[in-house]
Amino acid sequence: MSRYTGPLLTRDTALVLLAARERGEARWGGSLDLGRTQGEALLEDEGWRWHGIAYPYPGKLKDRTLYWWDGEDFAPVSRYAGSLIKLVPTEWGVPTFEIDGIKMLPTSRESPLDDAQRKVALVEPRGKVVLDTCGGLGYFAACCLAAGATRIRSFEKNGDVLWLRTLNPWSPDPDAPEHGGRLELAHADVSHAISDVPDASIDAVLHDPPRFGIAGELYSQAFYDQLARVLRRGGRLFHYTGSPNRLTSGRDVPGEVAKRLEKAGFKAQRALDGVVGLRR
């Protein structure tokens, strides 16, 4: 998929842009790519220009929604195909995404990219071949690239999530020259695709599956056995589980995960909001 390079608007950004026009200003400076870069818009009575392209002023925009220029209007960055998938702005600039209103990444205390960085550090990716099982918006992959991973094999099952990545300036572009081809992103279900990954060909694993009720196969003993097969001895794994309340859910998901990983051949223990494993 080609990358989107036009402006991304939030309600707050649009209000600031419109306020500058109302004050009679000819230029507005700020970011229209969620804080990655700064630029300047030229303000005219009937519209505005950004990077030499003319756009109309936006109408009324909703909160907690990102908008992109679809060629005719500013449209929400969302798709519906059985589930509503939506890119959602955060106070940190780096967006999260939701599926049917359920937030897929933690954002209450820090940027989802900073959260990813802490988790990636647990597998020490520098100089390693990393398996990124459920790529999502690509923040694990971005952190691995920044940390000096040799190669990242990333899988994402949902085509609409891959589309969100093309509009999200914080999602790494596999084709970007600066990445040197180190990121390999496949549109595939890792629960099936992992059977094609050679034995002991992976140095580190990052496993960030949807919650158990949605993707139970990614918490299964059979899948953990596959992770053990592809990961070399001494390789590290981080498995995100979240922190479900045992009193309300009745289950200790991290504890269950750790037991299955131990059975598969890992030394496992809880860490952050998941489980870390060392391949024995």
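1. Y4, at 19% relative accessibility, counts as buried, and so does W68, at 18%. Buried here means under 20% relative accessible area, with exposed over 50% and partly exposed in between (1.4 Å probe, protein chains only).

2. Basis of the description. The model is predicted, so local features need pLDDT of at least 70 and side-chain atom pairs count only at pLDDT 80 or more, while totals for chains, interfaces and linings use all residues. Residues are numbered from 1 along each chain as its sequence is written, and side-chain values use heavy atoms, with hydrogens and water left out.

3. Aromatic pairs. Rings of Phe, Tyr and Trp (its six-membered ring) pair if their centres lie within 6.5 Å; planes under 30 degrees apart are stacked, over 60 edge-to-face and the rest tilted. The count by this rule is 8 aromatic pairs. The Y4 and W68 rings are edge-to-face, because their centres are 5.4 Å apart and their planes stand at 90 degrees. Y4 lies in the segment before β1 (8–9) and W68 in strand β6 (residues 67–69), so this pair ties together parts that are 64 residues apart in sequence. Strands (E, at least two residues) and helices (H or I, at least four) are DSSP runs, numbered from the N terminus.

4. Y55 and F74 form a tilted aromatic pair, 6.0 Å centre to centre with 40 degrees between the planes. Since Y55 belongs to strand β5 (residues 53–55) and F74 to strand β7 (residues 74–76), the pair ties together parts 19 residues apart in sequence. Both Y55 and F74 are buried. One aromatic cluster is formed by W48, Y55, W69 and F74.

5. Charges over rings. R21 lies over the face of Y57, at 4.2 Å from the ring centre, and R36 over the face of W170, at 4.6 Å. The criterion is NZ of Lys or CZ of Arg within 6 Å of the ring centre and within 35 degrees of the ring normal.

6. The sheet. An open sheet of 3 strands runs in the order β1-β6-β7 with antiparallel pairing. β1 and β7 stand at the edges with a single partner strand each, so one side of each is left without a neighbour in the sheet. Strands pair if DSSP finds at least two bridges between them; β1 and β6 pair in the antiparallel sense over 2 bridges. L8 stands opposite W68 in β6.
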